[in-house]
Amino acid sequence: MNPEPNIVETEQEIVSEFDLFDSWDDKYEYIIDLGKKLPPLDPKYKTDENRVRGCQSSVWLAADYKDGKLFFQADSDAVIVKGLISMLIRVLNKRTPDEILDAKMDFIREIGMTTHLAQTRSNGLLSMIKQMKHYALAYKIKDPVASKN
Amino acid sequence: MNSPLTKSKFLDINVIRQEFPILNREVKGRPLIYLDNAATTQKPQQVLDALTHYYTNYNANIHRGIHTLAEEATAAFEHTRDAVKSFIGAGSREEIIFTRGTTEGINLVAYSWGRKNIQANDEIIISNMEHHSNIVPWQLLCEEKGAILKVIPINENGELVLDEYNKMLGPKTKLVSIVHVSNALGTVNPVKQMIADAHAVGALFMVDGAQSAVHLDINVTDLDCDFFAFSAHKLYGPTGVGVLYGKKALLEVMPPFQAGGEMIKEVTMQKTTFNDLPYKFEAGTPNIADVIAFKSAIHFVQSIGKEKIRRHERDLMDYGQQELEKIPGLRIIGKAKEKVSVISFVIENAHPQDIGILLDNRGIAVRTGHHCAQPLMDHFCIPGTARVSFAIYNTRYEIDELVKGLLRVVKILS
């Protein structure tokens, strides 16, 4: 059995998947598909506390911590955002706080989704990543075992 | 009728498009289709040339310099003031104050006139279709003074409920501030009658003309409004320039808004006396280049004629509404009888943000979101809309492309 790919390997997987697409339309159709397939968020997490209100759409992001690893769940009312988050989760899910905090997330640029990194989009990918790293940091501080690493 | 006037009514949009270099660019490998004109219009070559010409030939600080460049720059700057004065039918050039934009114009009135004249329990009336720029300055003023903000409701077509307005007006009403044309819906509000109604109870009336100045014939004297604010960049002009018109008698007794150079007559450490109108309200070095280039934008609009621009945009809006309504699940938000140049819509099971991203993929620029009018979106119980807004250079072909794009959006998202 192959070991689970690490963060960088997962990022590379996504980049090679996107290399197969010729057009922007194809890329977005794929992202939309990911968005539609993202497992529904447990209603108990759909709280205002977990809500990142943007100028355009809303995002809910929640994290659980088990055996030293983070487990993310998310939802959005816009499907492209949902697809983008789905990729972030694919890369950062089931990782330790330190792995998440060290993640460079370069794949977003490599697949041409830089526009979604714009600082002005308050619920853009940048703030999603920041939020995920916040969760990692919070659990790292809370968990004495993890914080020793 | 075969007069030269009738002949010149013919508009060749392709010739007009050639004046806008940006329309030649591609977005995502396709020719740009720019349908976000209510946010800002593109700029014709003569506006771009005016900017370059200023910086290349007579860049100087204005009003105080005695050298040639300063004199030329001052003259050009003040020519724009004269052009604006006739463009909006003001009585005198002293009533034309240059600002950064509509927002600053409204804030100027709220701070200067408002803080001097509004007291506890006074009432200010706005409407439910205002842009945040015409809500928040009044909210702050009311909070500070203990005054009351009243809001005219709107009906399902996106029109003001005027009966409610008339009920609100009373001896406590001190100011009414209303958008002339809604940025989110395109509704044209009957401000002339509303102004007369406000004056009947002794209240002042401010018009937010951000969207109207480019589409409607504006005559502030005929409207009899007390203040009228608009922006150059929605009128084919540069960003960072706006105009506040105010009646001279009001402006004269209003305290300064910002303090600094330009706005003073004499400064000693004990006491400063202020400059005359309009300079009293133009502290600091103004946006000289863009004000100068604004005149070219006014000239561009006047040389075509607003009547012809309106007729062309009306055709686009009617055709656009007719074609968009054929798209399954699409609902137009805002169906006022009097409407200009904006079509706002939602599509079942398609988030406006997704619509915007997918249209951008086809080189089509539209606006999505709440359009800085959250109370209005709440009224329609929607998070936002997709909005297309037209300018003189848009074509029916572009609407056909929009429709094709939307049909694909519906297909992908369903």
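A crossing of two helices is right-handed if the near helix is turned clockwise from the far one by less than a right angle, and left-handed if anticlockwise. In this predicted model, the crossing of H3(B) and H11(B) is right-handed. The points below cover that helix pair, salt bridges and two further sites.

**Helix packing**
- Two packed helices are described by the angle between their axes and the distance between the axes.
- Helix H3 (residues 45-58) and helix H11 (residues 288-304) of chain B pack at about 145°, and their axes are 8 Å apart.
- Residues of H3(B) that meet H11(B) include Ala50(B), Leu51(B) and Tyr54(B).
- On the H11(B) side, the residues include Ile292(B), Ala293(B) and Phe300(B).

**Salt bridges**
- Over all chains, the structure holds 35 salt bridges.
- Lys248(B) pairs with Glu94(B), with the closest N and O atoms 2.8 Å apart.
- Lys248(B) is in helix H10 and Glu94(B) is in the loop between helix H4 and strand S4, so this bridge ties together parts 154 residues apart in sequence.
- Lys167(B) and Glu164(B) form a salt bridge at 3.3 Å, N to O.
- These two residues are separated by about one helical turn because they are three residues apart in helix H7 of chain B.
- Lys167(B) is exposed at 62% relative accessibility, whereas Glu164(B) is partly exposed at 29%.
- A network of salt bridges links Glu78(B), Arg81(B), Asp82(B), Arg93(B) and Glu282(B).

**Surface and interior**
- A nonpolar surface patch consists of Tyr111(B), Val136(B) and Leu140(B), with about 230 Å² of accessible area together.
- Val136(B), in helix H6 of chain B, is partly exposed at 37% relative accessibility.
- Asn107(B), in helix H5 of chain B, counts as buried because its relative accessibility is 17%, under the 20% cut-off.

Note on methods:
Residues are numbered from 1 along each chain as its sequence is written. Chains are lettered from A and ligands numbered from 1 in the order in which they are written. This is a predicted model: local features need pLDDT of at least 70, side-chain atom pairs count only at pLDDT 80 or more; totals for chains, interfaces and linings use all residues. Side-chain values use heavy atoms; hydrogens and water are left out. Patches are made of residues with over 30% relative accessible area and no salt bridge: like charges are joined within 9 Å, nonpolar side chains (Val, Leu, Ile, Met, Phe, Trp, Tyr) within 5 Å. Accessible areas come from the Shrake-Rupley method with a 1.4 Å probe; for residues, only the protein chains shown count as cover. A salt bridge is a side-chain nitrogen of Lys or Arg within 4 Å of a carboxyl oxygen of Asp or Glu. Helices (H or I, at least four residues) and strands (E, at least two) are DSSP runs, numbered from the N terminus. Buried means under 20% relative accessible area, exposed over 50%, partly exposed in between (1.4 Å probe, protein chains only). Axes are lines fitted to C-alpha atoms, for helices over the stretch in contact, and angles run from 0 to 180 degrees between N-to-C directions. Contact means heavy atoms within 4.5 Å.
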